[in-house]
Amino acid sequence: MIMPIDNESMFTERNVIEQILHDAFYAGIGFTDEDLMQACTAERLALYKDNPHRGYFPKQYQFFILGNLTGKVVCDYACGDGADSVLLVNNGAQKVIAFDISKSAVDIARRRAMLCGLQDRIEVQLDNAEKLNFDSNLFDAIYGSSTLHH
């Protein structure tokens, strides 16, 4: 049984190990501002919105299933570098509240939101997916991609 590191911590020993690994991964990528801004180019955004062929690729199909997010508050569950948060806003989300266990990923996601001019619509925080403290009924939709394997 994995015990919390201390009573104040929201992270277990296993969470800390995962956090260290993800921090090292995201810190090692070396994204430039230009790389981060690729998430909000018109060409990329068009792939995930009103694209009649998007059903052929897993992520495009995910956004098809989500449908129109106009005016909705969406959680980007374990957001990683925040690229999907940009897509959620592009698909109409009024607000995206994103979180990840990795501080490096959170820093990258915040930077990406700022570079894409979406810092008022994308809120990114460091959090543990196993112990979230969001108010009930805060979200109209919850989106998570590539998280269950953890």
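Predicted model: local features only at pLDDT ≥ 70, side-chain atom pairs only at ≥ 80, totals over all residues.

Q: What makes Asp127 a residue with no salt bridge?
A: The nearest side chain of opposite charge, Lys131, is 9.9 Å away. A salt bridge requires a side-chain nitrogen of Lys or Arg within 4 Å of a carboxyl oxygen of Asp or Glu, so Asp127 is left without one, although Asp127 is buried.

Q: Why is Asn137 called exposed?
A: Asn137 has 79% relative accessibility. The term exposed applies over 50%, and therefore Asn137 counts as exposed. Asn137 lies in the loop between β3 and β4 and has a positive phi of about 65° although it is not a glycine.

Q: Why is Ala78 called partly exposed?
A: The relative accessibility of Ala78 is 25%. Buried means under 20% and exposed over 50%, so Ala78 counts as partly exposed. Ala78 is found in the loop between β1 (73-77) and α5; its phi is positive, about 60°, although Ala78 is not a glycine.

Q: What makes Ser102 a cap of α6?
A: A side-chain oxygen of Ser102 lies 3.3 Å from the backbone nitrogen of Ser104. A polar contact is a pair of N or O atoms within 3.5 Å; Ser102 thus caps the N-terminal end of α6.

Key
Residues numbered from 1 in each chain as written. Heavy atoms only, no water. Polar contact = N/O pair within 3.5 Å; in protein donor to acceptor, adjacent residues only side chain to side chain. Helix = DSSP H or I, 4+ residues; strand = E, 2+ residues; numbered from the N terminus. Buried < 20%, exposed > 50% of the residue type's maximum accessible area, 1.4 Å probe, protein only. Lys, Arg positive; Asp, Glu negative; His and termini not counted.
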